[in-house]
Amino acid sequence: MSKHGADHSITVKTLAKRKESGEKISMITCYDAAFAALIEQTSIDMILVGDSLGNVVLGFKDTIPVTMEHMLHHTAAVGRVVKRAMLVADMPFLSYNLSVEQALKNAGRLVQEAGAHAVKLEGGAAVCPQVKAIVQAGIPVVGHLGLTPQSVHALGGYRVQGRGEEAKRLLEDAKALQEAGVCALVLELIPQTLAAEVTKSLRIPTIGIGGGPETDGQVLVLHDMLGFQSDFSPKFLKKYANLGGTIIDAVTRYDAEVKEGSFPGPEHSFSS
Ligand code: KIV
């Protein structure tokens, strides 16, 4: 903590000011210190240690197997490096649904043991008691509506949410989360018009992924936007690099040079 407050430069106050000024908020996921050190050299506002960790780096098929221990381990790795951006940690499946006490205890662990500046949890009115308690304990909370991957089985798959009748309930949930005290709201995979309506209706910023351009900010999964997997290209995703191809090419050349004996060369070897 610096003399002037939190030692990261993007805080809940910054988010509130951005909502007022209309300046967009950028958020990206990150799961380890190596990538966090690179992201810190950009002006990304918020780093999310998402439970997408499960799919992206732990090899699970969805986020459901992700535990508090996984989240603590990876948030701490990112937290050792992040000084500038606001660091948000996801609360994993069933780490906040059992009771308000359970939610508060686990949110506290992500902040106290792993260095998160805020936590994110999925759901609407049903999780408002948990949100209120965590916020009252001094921990900022980010909400998450629309496609909430922890409920993938109840939602019937990874599909656009909030169409037709569902739109009204999503807007009500968004307002309930705002009243409960969330500092920002992630809107995942919902129609552009609904994302715009929710954004206009709230005093807090919305951060979209697959919600079109009218939200107050955007978030993407780091490995997806870096193009790690050539066969994963959902409509909402823009790939800013093709690192999957670059890595395969580099490792293929290394493998060939080791096998043909051209690596290491004299320039990589030591004289006696
Ligand atoms: O876990 C995650 O990466 C997320 C983002 C998609 C918002 O929740």
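Tutor: Cys30 is buried, with a relative accessible area of 0%. The model is a predicted one, and a search through the whole of it turns up 0 disulfides. Cys30 is accordingly in no disulfide, and the cysteine sulfur nearest to its own, that of Cys183, is 19 Å away.

The cut-off for a disulfide is 2.5 Å between the two sulfur atoms. Cys128 counts as buried because its relative accessibility is 9%, where the limit for buried is under 20%.

Cys128 belongs to helix 6, which spans residues 128-136. Buried along with Cys128 in this helix are Gln130, Val131, Ala133 and Ile134. An α-helix has 3.6 residues a turn, so residues three or four places apart point the same way. The cover over the buried residues of helix 6 includes helix 5, strand 4 (118-120), strand 5 (141-146) and helix 8 (166-180). After helix 6 comes Gly138, which has a positive phi, near 95°.

The loop between strand 3 (86-90) and helix 5 (100-112) holds Leu94. Leu94 counts as partly exposed because its relative accessibility is 40%. Together with Phe93 and Leu98, Leu94 forms a nonpolar patch on the surface, and the three have about 290 Å² of accessible area together.

Terms used: Residues are numbered from 1 along each chain as its sequence is written. This is a predicted model: local features need pLDDT of at least 70, side-chain atom pairs count only at pLDDT 80 or more; totals for chains, interfaces and linings use all residues. Side-chain values use heavy atoms; hydrogens and water are left out. Buried means under 20% relative accessible area, exposed over 50%, partly exposed in between (1.4 Å probe, protein chains only). Patches are made of residues with over 30% relative accessible area and no salt bridge: like charges are joined within 9 Å, nonpolar side chains (Val, Leu, Ile, Met, Phe, Trp, Tyr) within 5 Å. Accessible areas come from the Shrake-Rupley method with a 1.4 Å probe; for residues, only the protein chains shown count as cover. A salt bridge is a side-chain nitrogen of Lys or Arg within 4 Å of a carboxyl oxygen of Asp or Glu. Helices (H or I, at least four residues) and strands (E, at least two) are DSSP runs, numbered from the N terminus. Contact means heavy atoms within 4.5 Å.
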